[in-house]
Number of protein chains: 2
Amino acid sequence: MTPATSLFTPVEADLQILADNLKQLVGNRHPILFAAAEHLFGAGGKRIRPAIVLLISRATMLEQEITQRHRRLAEITEMIHTASLVHDDVVDESQMRRGVATVHSLFGNRIAVLAGDFLFAQSSWYLANLNNLEVVKLLSEVIMDLATGEIQQGMNRFDSGLAIETYLQKSYYKTASLIANSAKAAGLLSDVSPEIAQHLYNYGRNVGLAFQIVDDILDFTSTTDTLGKPAGSDLKSGNLTAPVLFALEEKPYLEVLIERQFAQSQDLEQALALIQDSQGIQQARELAAHHAKLAAEDIAILPPSESRQALIDITEYVLSRLY
Amino acid sequence: MTPATSLFTPVEADLQILADNLKQLVGNRHPILFAAAEHLFGAGGKRIRPAIVLLISRATMLEQEITQRHRRLAEITEMIHTASLVHDDVVDESQMRRGVATVHSLFGNRIAVLAGDFLFAQSSWYLANLNNLEVVKLLSEVIMDLATGEIQQGMNRFDSGLAIETYLQKSYYKTASLIANSAKAAGLLSDVSPEIAQHLYNYGRNVGLAFQIVDDILDFTSTTDTLGKPAGSDLKSGNLTAPVLFALEEKPYLEVLIERQFAQSQDLEQALALIQDSQGIQQARELAAHHAKLAAEDIAILPPSESRQALIDITEYVLSRLY
């Protein structure tokens, strides 16, 4: 058992039910999407998003069994995440994700756009049928945020003047919003108080930000093999993340290389060397650790339970991926 | 003033407000989408969907002014329609729509996928904020149906055994569902009885089917110039519509041509000639007229008003496009 999945022990059986449901939901209705569904909901995914929803569901229901609506919310969360990945891969023209070929590279743009639309549509429909207007609003906000984040990332490419706050906002839109809003929604389905709901939102937001910052660090410190995509690919495409933005404060020449979009040979190699030689990666680690610590504090509001402990352990696991 | 717009006299001012709002909503938030928004919500569109929503709003509110929520519903309807057009154009690789270049041909797949996602996301968000769970469910159903219809159309390409019922079901998913469910939703926002709500749904369903059948006939009877896209392009791409399905009953050789996907030179020309020589177009006209008549009967349940008369006139206008 890998460290990631052993964290999820309290909801292991729930995650198995979820995986089976997701494959059926998408594949059974549309044979043309069956292959894509197998591919999307098969191996590879860490399922950290539905795991957090299920753990929060268990940690807020305690003595009682979690409901079908909690399970459905976890499924919706993974559907929205998967839909956005499929469309992002079309937009970014990515060939690989998590070490496997992307839907659009395997099945073409046609199926990728349709599969993403279908998943978004199905998640909207399931969402409406949870019969909870506040939950509908929270998750609709997420779908807006995902589109906004992808557009913002596109607009800020190769902008060496990007503020770290703007980077964090984009990271919120693209990653943390889904975790934050679905964490809060899980609490609302358990009828928690508004105060606890706010803490759950903050937990999700901080875990999400830490998760994204760590991902962005790994793009510089991991091998292509571990990443399942070429290392340094964010920088190459002009997506400037925390390590780069911190390094820019120390290494003014980095700005020159970025502004000319690595047009000359050796530009990219030189930029990567400047980042490695700076405190950028260390400062990004500290930023991730800061958000992970805040997340652990947020979740402490819940009464102690095996599931609450797993939610705390997740904040450490997120950072442990760096070592 | 064209026949189409003079029909909309009772809601002409409303439609102007709607057009301005839509351009602002999309363009202001995302400069990168501004050009796409101008293009999408500028000239060209007939705005028949929001016009029907606004006319039903006025016909069910009568003495009272229509509300902001009625207006917002009309905007959501046009946003969902536009989002689906943008993604359909990516999926179908269309170069032209309504005589103007498509978003993906002008701005590339990247912007087209993002613009469509953003419009779907924004419509989900506005929808949730109408604070009416039943309306949210109706319109979420539409988003599912649009994806299902596009997938079904893809699966049934060049299937000469396609039943007319399957064609009508696909036409419901792709066209009539949005009109039917938004017509019903407009009534619900005016607190109509369940019985009237059902009649409004049926009106929208029948108008939508008539509209789609007429569109499919025009693909055979219009010039490329009038259509704003190449004539006969449905048949060429294997999208078998009412005139073809009826013609297949009379002209068995048409099946051979379709099944070999017009592989030999002159196949397409020969197929078009067989259809022209059959009763297919006339039978399709009768089917459209049948649904238009049902729609006029459905809407008669409302008390007489200028707006109700416009809704009746629309059922005749839909057919008049054929002459």
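Modeller: Across the interface of chain B and chain A, 6 residue pairs are in polar contact, both residues at pLDDT 80 or more. A polar contact is a pair of N or O atoms within 3.5 Å; within protein, one must be able to donate a hydrogen and the other to accept it, and residues adjacent in sequence count only if both atoms are side-chain atoms. Please keep in mind that this is a predicted model, where local features need pLDDT of at least 70, side-chain atom pairs count only at pLDDT 80 or more, and totals for chains, interfaces and linings use all residues. Residues are numbered from 1 along each chain as its sequence is written, chains are lettered from A and ligands numbered from 1 in the order in which they are written, and side-chain values use heavy atoms, leaving out hydrogens and water.

Biologist: How many salt bridges are counted between chain B and chain A?

Modeller: The count is 0. The label requires a side-chain nitrogen of Lys or Arg within 4 Å of a carboxyl oxygen of Asp or Glu.

Biologist: How much area do chain B and chain A bury between them?

Modeller: About 3,600 Å², with 71% of it on carbon and sulfur atoms. Buried area is the accessible area (1.4 Å probe) that two parts lose on being put together, summed over both. B:Arg110, B:Met144 and B:Ile151 supply 18% of what chain B buries against chain A, more than any other three residues.

Biologist: Why is A:Glu75 called buried?

Modeller: Buried means under 20% relative accessible area, exposed over 50%, and partly exposed in between (1.4 Å probe, protein chains only). A:Glu75 has 3% relative accessibility, so it counts as buried. This residue lies in helix H5 (residues 68-92) of chain A. Leaving aside neighbours within four places in sequence, A:Glu75 is in contact (heavy atoms within 4.5 Å) with A:Leu18, A:Asn21, A:Leu22 and A:Leu25.

Biologist: And why is A:Asp191 called exposed?

Modeller: The relative accessible area of A:Asp191 is 70%, so this residue is exposed. A:Asp191 sits in the loop between helix H8 (164-189) and H9 of chain A.

Biologist: What makes the phi of A:Asp191 worth a remark?

Modeller: Its phi is near 60°, a positive value in a residue other than glycine. Most residues other than glycine have a negative phi.

Definitions and conventions. Helix = DSSP H or I, 4+ residues; strand = E, 2+ residues; numbered from the N terminus.
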